[in-house]
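Trainee: Please give me a close look at a single part of this one. I'd like the packing first, then whatever sits around it.

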Amino acid sequence: MVTWAVAAATSAGLALCAADGVVAGGSRTVTPKGVEAEEPLPFDPAPPIGPALARVAALTALGRKLFDDPALSASGRMACASCHDPAHGFGPPDAAPVRLGGPNLDQPGTRAVPSLAYSQFSPFFDEHHYEEDDEADGGLDAGPTGGRTWDGRVNRGREQASLPLLSPREMANPDAASVVAKVAAAEYAGDFRKLYGEGIFADPAAAFAAIDESLETYQEYPPEFAPFSSKYDAFLLGRAQLTEQERRGLAAFNDPARGNCAVCHVSRLSARGALPLFTDFGFVALAVPRNKAIPANADPAYFDLGLCGPERRDFAKRKEYCGKFKTPSLRNVALRPVFFHNGVVTNLRDAVAFYAKTERQYDDLPAEYRSNVNREPPFDRGPGDAPALTEQEITDVTAFLKTLTDGFSETPSPVTVTGAGADHLDSTRRGLQ
Ligand code: HEC
Ligand code: HEC
């Protein structure tokens, strides 16, 4: 139960250079007192581990306080948790398509709040992604993959944390120094000094980086952000049975001729036995209908085109990317009150039914980009064809998706998280053998 902390320690940039090797090796176990290795390690593991674990635990506790603190916003009323609600998989708290932020909480965003649970496993953005452990895609360029946000323009949690803190539509602080001043005045300022040194607040750049680091560390804390404790996890580990309906839903979800969902929302154990994340982090244009409830959409000339802008700028001229958004994980999807990048759907069954439509509504994608829209099953049907999923199958898939909600069982143990990447988790060895 402590190996996560070692991985978190490495991702928090601590001096544990060999810890990745320890975790990836799989056969070694890490204990708070040190590392018990089958073969001698090229360093003395005992001294750094204990303090490093304590530091990660302290960073996590501090990061949680920062995440929950509305005082860090210009309005004084908006925390990270206001938009990323722990009760909803760290997704939005209600069915409003976008949140209102800014100093007076009256500035609307343009995108639905993504769920943060499991998002730590997104690999860094890569325009040409090659699958490592995939029989189907081996050696093929899967195209743009990874990164954080709906358009992948950020890679690490620590970079991401600065965005909402400074965005005029979100927490709306004028600059990093004003965020630092708020932390210096907070009840937990002492915790902060203890971790980063008495003089930390005198150096606003270093203090801001420290805020980002502790927010990131908290967001990588497995019991809250990656517990792998859903009914489906228990099923894969042989510790629970799915109902008839859930099994039918899973079959339709996986079937290449019906839902074909798993081609993007990966549902099987990896070749190395890692539990699936229900995303391949790829970018796809689905032509989700326009959401008229988003104020920015009142302007008929405004289009959110994902990878090619407007938030992301580097691919502004890449027409072949327009309309593409990152495939979200479906873990905890039943806790989401809104679905898709623009929150146009507010009911899980309707989100599934979107995939069974034979007629697409292209009202949120300029005609010149329509050829970017995916045509693989279930999107290979046209008017007059039988839909990819029957009404019963839509209901069954919806029932299956509800098995992806965490909290069904204990977090599988031992969990060894190796940080970003496809083979992030190696919790299944015991359960599968
Ligand atoms: C006003 C609502 C709001 C607040 C407050 C907010 N976020 Fe977000 N967050 C969003 C939205 C919307 C996105 C998606 C942005 C996009 O796709 O362009 C997002 C995306 C993210 C992501 C990327 C998830 C992924 O991997 O795709 C992370 C991480 C994140 N936020 C962390 C935070 C942290 C940490 C805080 C507090 C410092 C915070 N957010 C505050 C609305 C919010
Ligand atoms: C070709 C890849 C692909 C396939 C196949 C696919 N999806 Fe998706 N899915 C995506 C992408 C990309 C998004 C986000 C699109 C957007 O917001 O514009 C998404 C979003 C979703 C969402 C909303 C999640 C959220 O956080 O808002 C649900 C639910 C969903 N998919 C379920 C399914 C189901 C069920 C199937 C099979 C019937 C399926 N998907 C098939 C790529 C795919």
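**Helix 5 and its surroundings**

Mentor: Helix 5 (residues 157–166) packs against helix 8 (residues 204–218) at an angle of about 115°, and their axes are 8 Å apart. Helices here are DSSP runs (H or I, at least four residues), numbered from the N terminus; axes are lines fitted to C-alpha atoms over the stretch in contact, with angles from 0 to 180 degrees between N-to-C directions. This is a predicted model, so local features need pLDDT of at least 70 and side-chain atom pairs count only at pLDDT 80 or more, while totals for chains, interfaces and linings use all residues. Residues are numbered from 1 along each chain as its sequence is written, and chains are lettered from A and ligands numbered from 1 in the order in which they are written.

The angle makes helix 5 and helix 8 roughly perpendicular (65 to 115 degrees). At the contact (C-beta atoms, placed from the backbone, within 7 Å), Gly157, Arg158, Ala161 and Ser162 of helix 5 meet Asp212, Glu213, Leu215 and Glu216 of helix 8. That's two nonpolar, two polar and four charged residues; Ala, Val, Leu, Ile, Met, Phe, Trp, Tyr, Cys and Pro count as nonpolar, Asp, Glu, Lys and Arg as charged, and the others, Gly among them, as polar.

Helix 5 also turns up around ligand 1, where it gives five residues, the largest share of the shell. Of the 27 residues there (C-beta, placed from the backbone, within 6 Å), Cys80, Cys83, Ser119, Trp150 and Pro164 come nearest. Helix 4 (80–83) and helix 5 are the elements giving two or more residues to that shell. By class, the shell around ligand 1 holds twelve nonpolar, nine polar and six charged residues.

Methods:
Parallel < 35°, antiparallel > 145°, perpendicular 65-115°, else oblique. Contact = placed C-beta atoms within 7 Å.
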